Structure formats: structure tokens, C-alpha cells
Amino acid sequence: MAEVRRKSGKPLQVNPHKLSQPMGATLAFLGVDRCMPLMHGAQGCASFTKVMFTRHFCEPIALQTTAVTDVTAVLDGGDYSILESIKTIREKVTPELIGVHTTGLTETKGDDIRGVAGKIDVPVVYVGTADFKGGLESGWTLTGQALIDQLTARCDRIDAQKMVLVPHVSMQPIEVEKIRELIEAFGFKVVAVPDLSSSLDNHLGEKQASLSSGGVTVTELEQLADAAFIVTLGASVKGVGATLQTKNPAIRHRHFNHVSGLIGTDALVAWLLEVSGRDALPAAVERWRKRLQDAMLDSHFSIGQTRFLLVAEPDHLAAMAACLREVGGKVTLAVATVDSPILADIEADQVIVGDLEDAENMSDAYDMIIGNFHTEALAHRLGKTAVMRGFPNYEEIGNALKNDVLYEGGAYFLFEIANAAERMRQEQVHREREQIRLQRIADSNLDSRPLPNHA
Amino acid sequence: MSSKPKIKELLVESACEHSTDKKGSCNAPKPGATTGGCALDGAQIALFPFADAAHLVHGPMSCVGGAWETRLTPTSWSGRDLTQTGFATDINTNDVVFGGEKKLAAAIDHIIAQYAPEAVFVYSTCVTALTGDDLDAACKQGTERHGIPCVPVHAPGFVGAKNLGSRIAGEAVLRHLIGTKEPEESTPFDINLIGEHNNTGELWRYRHLLEELGIRVLSTFSGDGRISEIRTAHRAKLNVIVCAKSLVSMTRKMQERYGIPWISCSFYGMTDTSNSILAIAEALDDADLIERTRRLVAREEARLEEKLIPYREIFSGKKAVLNTGGNKSWSIASALQDLGIEVVATSVRKSTEEDKAKARKYLGENAVLMTEPASQQAKVIDETGAHLLLAGGRSLYTAIKKRIAFTDVNQEKKKSYGGYDGLLVLAEDLKNSLQNPVFELVDRKAPWQK
Ligand code: SF4
């Protein structure tokens, strides 16, 4: 559909929005209850990651580092610093799971981390997430697969009412919750993997969190393979379906690239109707569909005259573009963090893998920007408007409760975008009128000057 | 010769007071119990405020992805603010296997062609240091190709923590920039401000006062800094370290090399700001200057005192517990005391011996120096009847449980509390905290709960 440029061709990233694979892994482990994510690398990667998510979610983030140094880097094959770390962590807290994920440093020196699990009695899941490969999406997905691969027991039974839900990394906690509720409304039990909806959803906890406080439990992960269905949302997580099927081939896998907008949500709802054997929608779902329809009509005028730049992870781009496109939004440029098979399906004139320098160089193509907080400065430089979406957003609070998915979230999303676009145009009109006014004052001052004396 | 600093030497820096104690803060990080950034982080913090220089991180996105455009270090540089521009080579598997030097050279070319910086700092990271990319060669060739200093900064995260990184940054500047240019003119009152990052504009809270006295800030390392100025820093008459012990090695070397004496200052709160400005004047050793400085300090204090009057009543009898790190354990305490708030406890968890001594001096005999603030502070609040907790976000729950006011000390990353006028900003924020009902209210039991 779109014209796609998959390689930047530049030797560097300028004003990058790409995030690293270990960061995606950390976030996925934070969606497991009472987990301590343990990043295997030098201390800085974990610190940057922790600061980023702390600021994005406005929540304390549980994350530890194996703190590899130049000395241990040379001597250690990985075991020492990981085992030491786990020992130290357990002196203070009792995690249900330790989520070991590597970084470029430890991958480059070739640490073998698989052996670690056998040497301790606390459940450990390990995943290789070198940061010179992939990005946020792949780190999230690899971790989701590792959780299933290493924890889930094989099973040959099926619980017809059980459904596993796998969201892509850019879904905020409330969005996962809303999708879960929708599926539950059709009579299913839902286990989300990973599940940020109860861990990083901005709830006031009982005490300061030294472990993740909420998420899918280790027991639930162990007993995942009796699910009748696994639903993957987002191209980046599609492979998780096959991973779970290795534990029980009878599990049926259904994939959606996104569940945003009318068509995207309709697809999920239609399928739920089919597999639940029901013949009517829950009343609330039906109501929200009508509200979205109305929202589409109310917002089409504003959004339909706006040209958008979207800056996000590939799956997030696909979702937002589809939603905007349904009401005539012109997505003229979409800038992805990394390459992905979904790029060709994104409903945009042009899709590139790139950075904000690329976006800045193509600024003639769009009026309004949707992207992470870095696009705020970009918009400012260009005299345009930006609406914040994606990781990280340091500019605003309440990110975990921003809902853009399904009928309900779609309505909120369209209203927010339409209002922002309208405000932007109003400001332009004000500026233009002010200029005309000043010009007229200047002109009339000229007119009222005393005539030159010709005498 | 490689410009890689001798890490061991920097670690056992003689001017670093705690380094004789082998169990001190300089030791290797503990696996599984380490917080805080790496050396690269520290080096970036030290150098990023040079807004006229590009900062190119040679590494993957972990090292820069979430970290650029996060530091509020404003600049008066009229060109594009490169502090808020992220550059990274974003190395891939290919670069790891075959080396990333070509990419690095091309990246330097791209930056200089597109952004015309006054200098390019090139930072190594764990992976590129491990694979052995030759940063020195890339920088040397970049400098030769473009006639613009390209400065290698060898601070990969695995060599240590932030402090070490900022020392390494100091080394790099000392080696590659300072002394490479002569100032157009010299005055007897030329000083360098070392370690002043102009975070949230703190430098701008007092720089005008120095200028009013005829003290010229020849260069800063590196708040609102200019590359052309730091290159002339060797001609200063005095180095002033602002709240940054990690840069003592830099000033000590400048003393050895260029005979520049140094003093250490803090511009937090009224008392410390006054003392610091006076100390600078005294170090410059000019009777007239000292006399004028006394008058200026008296004037500023009187002006501030008057503006503080409405706050005095609110703060009178109020007690605060402070839980923050390093020099802030005493510098913020001093500011609180200026406001008439009694600081009954402060954290010395990561403090050096010197910081601990200072904290004791500022707080007095009865105050609690908390070594394990996370577990201690709740009890300390009970025992002292404190009204206010100043700490990082993680401690918010303690304040809510104890139903006392909370102020996030990291606010100072967004707002400037420094200098005379910053104290007014702090006063206003503390007043708002103390008067906010939310801390009493938020954790209340719902009517149906027993
Ligand atoms: S520890 Fe190494 S890899 Fe991690 S952020 Fe620091 S320099 Fe980069």
C-alpha cells in the first residue's frame, strides 16, 4: 500500500526515537507478577532503562543489573555476576521470577546464560537481547516467547473458555485491560502475556514496589497451555502464537495486526462472536460501536483536512494510521523505529525506517505530528503541533491510562486528534488575522500622515 | 599514543578523599544491588551542556535511546542547541563483527556537514570499546579532515559509575581542548566554573552577580559553555568547582600545569551562595573586590530576607527529613535552614566521608544521619515529629503512610532552586507541599472499609 524505505542509508541516527531490545525485555518482565527483571550488562543500560520507564509511567520500576565491569567482563563467562546478583536480590526480596536479559556487552563477549537456571532454586527465565539487534518490539516479543518456552508446561487438555492474549509492546496498560474486558464479556477467561494492565497501570500500591506489583503470575504462565485460543495483537508478536502451540498443538491461534478503529475492532468482535457461539453483542459493546460511529462523523471534518506525520514502533504506526485513515486523515509520512513486515501494510503515503532528522527534512509533507515526547521539540522547531503517543513520554502524566483501542478508545483518540488539529488551525488563523490587523494599522497610520508640503 | 585515560589512576585520584578507604564509594558496583548510571552517563552529564558541540555516542540505542533530550541544561548559544540533539551510530551486528570505524568516520562527517558544531565529542560505549574500535584514530582523522576538534571520550559503562565518567570527561577536555587557544583579552578576575552544568538554569541565578562585581567567567565546564571559551581556560586566575568533587582531579592538574588555584563552592541557599561569592573574591585576593562583594552580598541578603517574610511564619517550627544523595545531603539542608526549617535527618547512604562530615556540621549534633534511609525514614519521622519529607519519588509512600507533606527533591531537575532567587522558588514549592491536603487525604479509608 505504502511506499516503504526500509534502510536509512545514514551512518548514524540523529534525534533517534528507536529504543533498544533490552528495554523491551525489561518492560515485558515487568508484566509478570513479583518479578525482578535483571539486566545482564554494565550498570548503565539498566539505569537508563529504569529512568526512562520511571518517568514514562510515573511509577517506581523494579529492575536490577548484573553490573558487569571491565574486570568481571574478562574473567566471567556470565555465571558469576548473574548468580551473585540473584543471591544479593534474594537477601532483600523474594521474587517469584527473575528475568535475566542480556545486553550488547554480554552478547559480544559471548556469555552463556542458559546454564544459570540449573544452578539456583528460584525460577529464572533468560533471554538474549543484544542491543545491536532489533528494538523495543523484538525485545518484548523474545521475552514473551522465552516466558512461555521456559515456564509453560506441556498440556494435552483444552479449556474451551480460556484465551491467551498477547499485546504488542506499544499498548499501554489500560488498553490491555480494555481488550481483556471485551473478551471476558464474551464469556472467556483471559490471561494476558505479558500483562502490564495490573502492574504499571498507575495504581496506588500498598508499599513501594521493589518487585513488579501485578501482572501475569508464574503459576498462570506454567498453566498456559490448556488455553483454547491464543490471540496475538500486532505483527511483532505474531510468532508468540506458534511458541505456545509447541506446548499444545490443539491451541488455536488467531492474529490481528491491530484492534484500532471501526474495521479493526469489528474484526475482533466478529471473531469473538463466532468462537463464543453467541448471537448478540454485549450491550455496552454495541453502544460503544455507535459512539465510535458518531465520533467518526464528528471528527472527520477536522481530521480529513489534516496531513499527519506518525512516529512510532511499527505495530503502533499500523494501528494509528488505520484509525486516522477511516475518517480521511492523510497519513503522508510514517517513521518507524525498525524494519517490520507490517510496514508495507501501513495506510500511509510513505513509510520509512528512520529518525527525527529524516522527519525534519521532510517537514513539507505534514501539518501535525503524533509521536513520543521528542516530537514536541520537533514540532516546536517547525511551528507545528504534536500529540504525544508512544515511548517515552516525559512531557505528560497519565500515560498508562491513555486508551486508543477498540470502539471506546478509538472515539477518545479521534476526539483528541481532531481537537488538537482544530486548535492548531485556530492558532494559525489568529496569527494571520493579527498580521492583517497590524498591517492595516500600519497602513492607516501612513494614510493619516499629514500630506507633504508641496509649497 | 592512546588518549585512553588510565582508569586505575583516575580511580585512586589523590584529591578524591575517600579513595584511601578501599571499602569506600569508589569500589566496584555490586551485582544485583547497583543503582545509578554508568561512566558514559556521567561523561554525558559533564559534557552535554556544551550546546555548540555535537555529542556522538558510538554504540547501540541502550546508551542513548532513552537518554537524549532529558537534561534541562539551558544555553544562551544562538545556534542550534546540540545539547538537545541526539547522535548515535546505532551499531548493528555487522559493525560488531567487522568493526564500526568506517561508520563512525562517516557519522562524524555527517554531523559536521549538517550541524556545523564547534567540536564533536565522540563517546565510546561498552560494545565498541570491547570490539576495539579505534576512537582516537577516528577523532584524529576527523579533526584533520574538518579542522574542528573531535574529542574522544573513553568512558564505556563497564569501567565504572557516573563519577568516574565525569572525571574521564574532564580528562578529555583537559587533554584535547584546554590550552589550545588564547583568550582575546585577560582580566585579573578571570575564573572558570568547573562542574557547573547550568541545570535548570542554576548558573544564571548568580552569574550576573559575579559580573556585576567585575569577575569574568572566562569559561565554564560546561553549563551554558562554549568550546571556544573552554579552550582558553588555562588563562584563568581561579578555578571554582561547583558541587562536583569528581572534578577535583581536573582542577588539580590545571593547578600543576598552569598554576591555577582552585576552591570549592555551592550556590544552594542564601548562606552558601553568599559564602561562595565571598570565597571567590577572597581567593582573587583584591581588597577592593572583597569590600564590594561584602556590600553586594549584604544587599542581596536584605532583598531576599524581605521577600521571605511571608514564608517565615509558615515554616516556623517545621521539621524536615531529607533523603537524597551526595552533596545534596548537606547543600539542600543548608537551603532549608535558610528558610527556617529544622532539618532533623538527612541521608548519608552514598556519601563520602567528607559529605558526612559536612552534613554533621550543617545539621548539628542531634540530627540523624541515615545510612539506610529507605528503612529508617519512617521511624525517624515518628520519632522527630517531622512535617515534611524531601526525597525521591520512591519515598512518596512513606510520606503518605505517615500523612506528612512530601516534596520530590528531583523537582530540582525541572526547576532551579539555586542562588538567592532559587530559594524563593524552593520556599514556594515547600509552602505548597505543606498546605496541600492530598497527603492527608489520599490514603484515607473508604467509608465501607473498616
Ligand atoms: S553500561 Fe555500557 S552499554 Fe550500557 S549504557 Fe553504559 S556505556 Fe552503554
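Visitor: Where is A:Ala319 found, and why is A:Ala319 called buried or exposed?
Guide: In this predicted model, A:Ala319 is found in helix 12 (residues 314-325) of chain A, a helix being a DSSP run of H or I with at least four residues. Its relative accessible area is 7%, and buried means under 20%, exposed over 50% and partly exposed in between, with a 1.4 Å probe and protein chains only, so A:Ala319 counts as buried. Residues are numbered from 1 along each chain as its sequence is written, and chains are lettered from A in the order in which they are written. Local features need pLDDT of at least 70, and side-chain atom pairs count only at pLDDT 80 or more, while totals for chains, interfaces and linings use all residues; side-chain values use heavy atoms, with hydrogens and water left out.

Visitor: Which residues is A:Ala319 in contact with, leaving aside its neighbours within four places in sequence?
Guide: They are A:His258 and A:Ser260, contact meaning heavy atoms within 4.5 Å. The C-alpha atoms of A:Ala319 and A:His258 are separated by 5.4 Å, although these residues are 61 residues apart along the chain.

Visitor: What span should helix 6 of chain B have, and why?
Guide: The expected span is 1.5 Å times one less than the number of residues, so the twelve residues of helix 6 (residues 135-146) of chain B should span 16 Å, which agrees with end C-alpha atoms 16 Å apart.

Visitor: Which residues of helix 6 of chain B are exposed?
Guide: B:Lys140 and B:Glu144 are exposed, on the other side of helix 6 of chain B from its buried residues, among them B:Leu135 and B:Cys139.

Methods:
Helix = DSSP H or I, 4+ residues; strand = E, 2+ residues; numbered from the N terminus.
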